[in-house]
Amino acid sequence: MAARPTWHGHLKLSLVTCPVGLYTATASNAHVSFNLINPETNNRIRMVPTDPDTGPVERSDLVKGYEVSKDEYVLFDDADFDKVRLETTHTISIDSFVDEADIDRLYWDDPFFIVPEKGVGVEAFAVIRDAMKAAGKVAIGSLVLRGRERQLAMEVRGKGLVAWSLRAHDEVRDADDYFDDIPAVKADKDMVEIATRIIAQKEAPFDPSQFKDRYDDALRDLIKAKQKGGKGVVEVEEPDDTNVVDLMQALRNSLQGSAGGKKAPAKKAAPKKKTPAKKKAA
């Protein structure tokens, strides 16, 4: 396994424990990233910690400070943080089991892989994993990660477990604070019926392999163009806002477009009836 664990400790279910490693399940290093450059010298700018009175300082010599009032701090070094000893610093203890549907999606955060360390603990890991699979529930536990105690939601995936860090309750805003001001509008049932048909026509299996960052791809194209001395400007046409007056027609056109059909031809005007010629008097 090439990756290094983000955290390693023990997974605990009641009296059963096993050593595990926690690995970040997602990668962000594939995205385009930039450095700050001085255009006059083409030198890369380096962020150097600087004391306003004494000048540059070594980062390794710095400590952390908590501001208790303006310009007054309580200082902490590594030894101080070691004094805060919680079980969750080194152990993921499973506290309860819940249905996945009971966890609001707003609380789901970052995913991690839980992998047992090689040795005698693999069997204990298998016991916990298979028991969770048999229960069909999501396990809830706690872990000190990146300087914070986080709740975890753990589920079985293949031979391992996936742990999702959960946002704290005070981190999730109340949707009513934003949605209460939305005007109460009763949608036209005929328009809703057409929109429902459009949705049905666009149904497809979930395929994450099709998810691509087109902005990132455009940046890469621009980088290549600049390397060759070109401008490489990418222009994208902005969509027009929906005209409420033409909403029904827009829905109908969308339905026809989704079906791959053509717009219905305009009806031809009915031919005018010829007026019979009057007979000439004899």
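This is a predicted model: local features need pLDDT of at least 70, side-chain atom pairs count only at pLDDT 80 or more; totals for chains, interfaces and linings use all residues.

Student: Okay, so why is Arg150 called buried?

Tutor: Arg150 has a relative accessible area of 12%. The limit for buried is under 20%, so Arg150 counts as buried.

Student: And what makes Ile198 buried?

Tutor: Ile198 comes out at 11% relative accessibility, so the buried label applies. Ile198 sits in helix H4, which covers residues 189-201.

Student: How much of the protein chain is buried?

Tutor: Of its 282 residues, 19% count as buried. The chain as a whole has six helices and 13 strands.

Student: Back to Arg150. How do you know that Arg150 and Asp109 form a salt bridge?

Tutor: The cut-off is a side-chain nitrogen of Lys or Arg within 4 Å of a carboxyl oxygen of Asp or Glu. For Arg150 and Asp109 the N to O distance is 3.0 Å, so the pair passes. Arg150 is in strand S12 (residues 148-157) and Asp109 in strand S10, so this bridge ties together parts 41 residues apart in sequence.

Student: Is Asp109 buried or partly exposed?

Tutor: Partly exposed, because its relative accessible area is 21% and buried needs under 20%.

Student: What makes Asp99 and Lys137 a salt bridge?

Tutor: Their closest N and O atoms are 2.6 Å apart, and the limit is within 4 Å, so they qualify. Asp99 lies in the loop between strands S9 and S10, while Lys137 lies in the loop between helix H2 and strand S11, so the pair links parts 38 residues apart in sequence. Asp99, at 34% relative accessibility, counts as partly exposed, and so does Lys137 at 33%.

Student: Why does the pair Arg197 and Glu193 count as a salt bridge?

Tutor: The closest N and O atoms of Arg197 and Glu193 are 3.6 Å apart, which falls within 4 Å, so the label holds. Arg197 and Glu193 are about one helical turn apart, because four residues separate them in helix H4. Arg197 is partly exposed at 42%, and Glu193 is partly exposed at 39%.

Student: What makes Tyr66, Val68, Val74, Phe76 and Phe81 a nonpolar patch?

Tutor: Patch members need over 30% relative accessible area, and their nonpolar side chains are joined within 5 Å. Phe76, which belongs to strand S8, has 33% relative accessibility and counts as partly exposed, so Phe76 clears the area limit. Together the five have about 470 Å² of accessible area. The elements giving two or more residues to this patch are strands S7 and S8.

Student: And which residues form the negative patch?

Tutor: Asp174, Asp176, Asp177, Asp180 and Asp181. Take Asp176, in helix H3: its relative accessible area is 42%, so Asp176 is partly exposed and clears the over 30% needed for a patch.

Definitions and conventions. Residues are numbered from 1 along each chain as its sequence is written. Side-chain values use heavy atoms; hydrogens and water are left out. Buried means under 20% relative accessible area, exposed over 50%, partly exposed in between (1.4 Å probe, protein chains only). Patches are made of residues with over 30% relative accessible area and no salt bridge: like charges are joined within 9 Å, nonpolar side chains (Val, Leu, Ile, Met, Phe, Trp, Tyr) within 5 Å. Accessible areas come from the Shrake-Rupley method with a 1.4 Å probe; for residues, only the protein chains shown count as cover. Lys and Arg count as positive and Asp and Glu as negative; His and the chain ends are not counted. The place of a charge is taken as NZ of Lys, CZ of Arg, CG of Asp or CD of Glu.
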